[in-house]
Amino acid sequence: MSFAIGQRWISHADLELGLGICVEADMRRVTLLYPSAEEERTYATDRAPLTRYELKVGDRLLHINGRVLEVTQVDDISGTLSYETVEPETGETFTVHEQFIAPEVTVNTPYDRLLNNQLDKVTDFFLRYQTLAERARLLSSDTSGLIGARTSLLSHQIYVASEVGSRFAPRVLLADEVGLGKTIEAGLILTQQIFRGRVQRALIAVPDPLLHQWLVEMLRRFNLRFAIYDEARFDAEADTFDFANDQLVLTPWSFIEHNDIARAQLLAAEWDFLIVDEAHHRNLGETAQTELDAALTQLAKLARGLLLLTATPGQSGIESHFERLQLLDPNRFNQFEQFIKEQEEFEETNALVEALARGETPARLPADIDPSLPVAELIRSLVDQYGTGRVLFRNTRKSVTGFPSRELHRYTLPEEALIDQGGATERSQWLASLLKSLKQQKVLVICRDKETAMHLEHYLHLQVGIRCASFHENLSLIERDRAAAYFADAESGARALICSEIGSEGRNFQFAQHLVCYDLPEHPDLLEQRIGRLDRIGQVGVVNIHVPVAANSLEEVRFRWFHEGLNAFEMSCSIGHLLYAELGQRLHACEQ
């Protein structure tokens, strides 16, 4: 580069400086004055990041007096440039030396940079090209959006996430058994949809006890920063409250149900993706009765993508299960009677699929299935046309390895040791003795109602002197989170967490190996939910299940039903809801 006093140069390292003028130059250094920034910069002549500012015939020139002129001729005067110009409006001509060009001239657009020969190095161009090519390859990869989660993924989670996440607008029921990581699968699917630009606004609606757990899981594992919208936020923001203020929203069911203004705003907002956890607790679809169920149903119909999560899809009955499937795909599931008939044929369809997967050729296939199709297409056609299709994904523990074993411990109590509400009774004294025998090991205690949980915590803490915490409906969400954190503290935390039934869903305590069923629930799925708090991915020890049973009591009937009839304590029972639906009335008769 050759420098001369009066020349105009642009620093491509600092474009905001504007147009500079050379005020000093020698063999080693050059100094430029930038009038717009009122700064001087000195550069080494052999590596100055500068580009000569040169106009050509036809270019527009901005004079320091504000005139806009058109260049008609360019002359070189001792290394500097002089421009013959004309003012387009008046036709008047001017001779303008380059030092009188306005310093505010910028060349930020690619077109201006190219015309002024402000070009980057070829190596820099190829670096950008290779970066864009690599990004395009990553976006088109089958694993895009699945890499980066802060968790150890299992094969079934990767399969579900890749299968569902690759769809344009997935509408799916995730029904993995308790402890198999449905939340992880939902996070992976949502991350993949966001990564591919298919989702911008997402809403997660969860039961109140799980609100902060979802918030932490989404942030810690997937770096998704959800904003909680609840009554506290509604009161704090008053007139400025608006669901449109955030792209990722997490809200509790109670807020949707009890706040009419917020519910109306929620339904008026546009959502690309909706996730509903513990969906078996809601009557979604045409049978929706409460304001919450009706709102969730309407949101599910409006959102392009929909994930319903439940570990026990049949717990609330076959009609409720059909309503959820119909909400996901109304074209596929349009008649309840047809669905019942198809269910009766699922066993035959499953046998055909398993035979094809083993490489066998079934003797007969349904008439509308083309036997000449590849095996993968045959299986897909059978599942779509004669199964639940690709709207329901359910993994069972039998197909997933790595789960710990369960060990049942039955304790026979006297007949008078019926279910109580705490205090120094036969049953509560048994619990205190058990906790003392387990020394410093963590113990999760679950009972049916909050009154029992509160009395037990009071008795164990104040009368027996055992560090414990309670977890029940009367506590606020913050208080429940504190109780769970106190229980999780390995050094100075509670030895026991006394929960009502709300502690049997959503919370994860796989760091503990002892579960006490202080009483027994009616439904086998509730028992599985209780055990699933400990028996889940991440559990490294044997899950010990302690059950006190009073002789000749209702508890003994239920215990025999769960243990001898279903083997539900030591093995996961995936058909418990079906058996309960068929035999529940006879079981109740035995309990009388």
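Domain bounds here come from an automatic or database domain assignment. The model is predicted, so local features need pLDDT of at least 70 and side-chain atom pairs count only at pLDDT 80 or more, while totals for chains, interfaces and linings use all residues. Residues are numbered from 1 along each chain as its sequence is written, and side-chain values use heavy atoms, with hydrogens and water left out.

Let's start with the second largest pocket. A pocket is an open set of points on a 1 Å grid over the protein atoms alone, where a 1.4 Å probe fits, with protein on both sides within 12 Å along at least five of seven lines. This one holds about 900 Å³ of space, the volume being that filled by probe spheres set on the points, which are joined across faces, edges and corners. Because domain 2 (155-332) and domain 4 (406-591) both contribute to the lining, the pocket lies between them.

Helix H5 gives the most, 7 residues; helices are DSSP runs of H or I, at least four residues, and strands are runs of E, at least two, numbered from the N terminus.

Now turn to an open sheet of 4 strands, ordered S6-S7-S8-S9 with antiparallel pairing; strands pair if DSSP finds at least two bridges between them. Strands S6 (60-62) and S9 (93-97) each have a single partner strand, so one side of each lacks a neighbour in the sheet. S8 (residues 80-86) pairs with S9 over 5 bridges, and threonine 85 has phenylalanine 94 in S9 as its bridge partner.

Terms used: On a 1 Å grid over the protein atoms alone, a cavity is a set of points where a 1.4 Å probe fits but cannot get out, and a pocket is an open set with protein on both sides within 12 Å along at least five of seven lines; lining residues have an atom within 4 Å of a point.
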